[in-house]
Amino acid sequence: DSVHGASYCRGATLLPQQLGLAASFDESLAAASGWITGKDSRAAATPWMFAPILGVASHPLWPRVYETFGEDPLLVARMGAAVVEGMQRRG
């Protein structure tokens, strides 16, 4: 489903979960992560990606907080935009 790389495709790069990526505060790293995910998904002829997850983590007991960019809406928006731009970039 490409939430942290095209992990179900042989030879694809497995990337950190979104929460780990957000901890870097590095938008260029997020874009690179998106580019790798997009490249691997296209190579596997996977026509969809269920990523990035742009929900804001608002309850710490939610069991899927690790799949979000965290609780800061600005960080979620900036990292999410960077991942999408990376996914859509070719070359």
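Modeller: What follows is a short exchange on a cavity and on one residue. This is a predicted model, in which local features need pLDDT of at least 70 and side-chain atom pairs count only at pLDDT 80 or more, while totals for chains, interfaces and linings use all residues. Residues are numbered from 1 along each chain as its sequence is written, and side-chain values use heavy atoms, with hydrogens and water left out.

Biologist: Why is Met79 called buried?

Modeller: Buried means under 20% relative accessible area with a 1.4 Å probe and protein chains only; Met79 has a value of 0%, so the residue is buried.

Biologist: How many cavities of 30 Å³ or more does the search of the whole structure find?

Modeller: The search finds one, a cavity being a set of points on a 1 Å grid over the protein atoms alone where a 1.4 Å probe fits but cannot get out. The largest cavity holds about 80 Å³ of space, a volume being the space filled by probe spheres set on the points, which are joined across faces, edges and corners.

Biologist: Which element gives the most to the lining of the largest cavity?

Modeller: H2 does, with three residues, where lining residues have an atom within 4 Å of a point.

How values were computed
On a 1 Å grid over the protein atoms alone, a cavity is a set of points where a 1.4 Å probe fits but cannot get out, and a pocket is an open set with protein on both sides within 12 Å along at least five of seven lines; lining residues have an atom within 4 Å of a point. Helices (H or I, at least four residues) and strands (E, at least two) are DSSP runs, numbered from the N terminus. Buried means under 20% relative accessible area, exposed over 50%, partly exposed in between (1.4 Å probe, protein chains only).
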